[in-house]
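I opened the notebook to look up a helix, the nonpolar cores and the aromatic pairs of this chain, and I set the entries down in the order in which I checked them.

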Amino acid sequence: TLKSLEIYFNDNIDDLKREDYFAVYVNAIVEEFDPHTYYLAPRSKEVFDQRMSGKLEGIGAGLQKRMDYIKVTYLVSGGPAWRGKELEMGDVILKVKQEDEEDEAVSIVGMRIDDAIKLIKGPKGTKVTLTIKKVDGTIKDITITRDIVELGETYAKSSLVEKNNKKFGVINLPSFYLDFNDCKKLNAASDVKKEIERLKAEGMEGLVLDLRNNGGGSLPAVVDMAGLFIEEG
């Protein structure tokens, strides 16, 4: 229990800045007037937009901060880090260096995870060099070329199943999504419509829309930035 409390205060409370406390303060007020109103700080708004679009630019890795160290917990299938096959789950990132910097790499040990993300994220096609500590204790530098990471698991998917000699369409929608920059190009409503039309063409006689776990959790709970999943708590 003591270790859990130390992790909570060291990795969460101690890292809060003035703008974080401001967001907590404002939300305490607005929720008193309307439980459906929520203030999004600039950082949270960026997180929300990228979650909604289901895509981002980065390395495609999940990170978690534990006692001053940032650890890799997840690799996005098909992402830059996954394709490079050098970064693995369990690796600890110690330093970050940009491709156009001549100075030494910046240590991210003890750094706020949001600040570390700003160093690791970047536009498609740019390179970032990470100094990592492997599970066996060895330390090495790896270079990853950033790219667009699509979170395919958030998009609508469908299948046709047969039961009692009848055909049923099943559409799974893990999350609602929308590209705010081009809503006609990517949005959950249009994709679900396409899946329904395809299933009807295949002889669907009934439809099941699977929305389990869709929209669960608070906005900051699981955020995705710059190809990085950050799991809080």
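Are Tyr 155 and Tyr 177 buried or exposed? I found Tyr 155 buried, and Tyr 177 buried as well, where buried means under 20% relative accessible area, exposed over 50% and partly exposed in between, with a 1.4 Å probe and protein chains only.

I note that this is a predicted model, in which local features need pLDDT of at least 70 and side-chain atom pairs count only at pLDDT 80 or more, while totals for chains, interfaces and linings use all residues. Residues are numbered from 1 along each chain as its sequence is written, and side-chain values use heavy atoms, with hydrogens and water left out.

**Aromatic pairs.** I looked up the ring pairs and found two; rings of Phe, Tyr and Trp (its six-membered ring) pair if their centres lie within 6.5 Å, and planes under 30 degrees apart count as stacked, over 60 as edge-to-face and the rest as tilted. Phe 22 and Tyr 39 are edge-to-face, at 5.8 Å centre to centre and 90 degrees between the planes. Phe 22 belongs to helix α2 and Tyr 39 to the loop between α2 and α3 (42–53), 17 residues apart. I read Phe 22 as partly exposed, at a relative accessible area of 45%, and Tyr 39 as partly exposed, at 27%. Tyr 155 and Tyr 177 make a tilted pair, with 5.0 Å centre to centre and 55 degrees between the planes. Tyr 155 sits in the loop between β8 (147–150) and β9 (157–163) and Tyr 177 in the loop between β10 (166–172) and α6 (188–201), so this pair ties together parts 22 residues apart in sequence.

**Helix α2.** Helices (H or I, at least four residues) and strands (E, at least two) are DSSP runs, numbered from the N terminus. I checked which residues of α2 are buried, and they are Ala 23, Val 26 and Asn 27. They cover an arc of only 105 degrees around the axis, which puts them on the same side of α2; the arc is that of the directions from the helix axis to the C-beta atoms. The face turned away from this buried side carries the exposed Arg 18, Val 24, Tyr 25 and Glu 32.

**Cores.** A nonpolar core is a set of buried Ala, Val, Leu, Ile, Met, Phe, Trp, Tyr and Cys residues joined through side-chain atoms within 4.5 Å. I found 20 residues in the largest one, where Ile 59, Leu 87, Ile 93, Leu 130 and Ile 144 have the most contacts inside it. Apart from this core lies another, of ten residues, including Ala 156, Tyr 177, Val 192 and Met 204.
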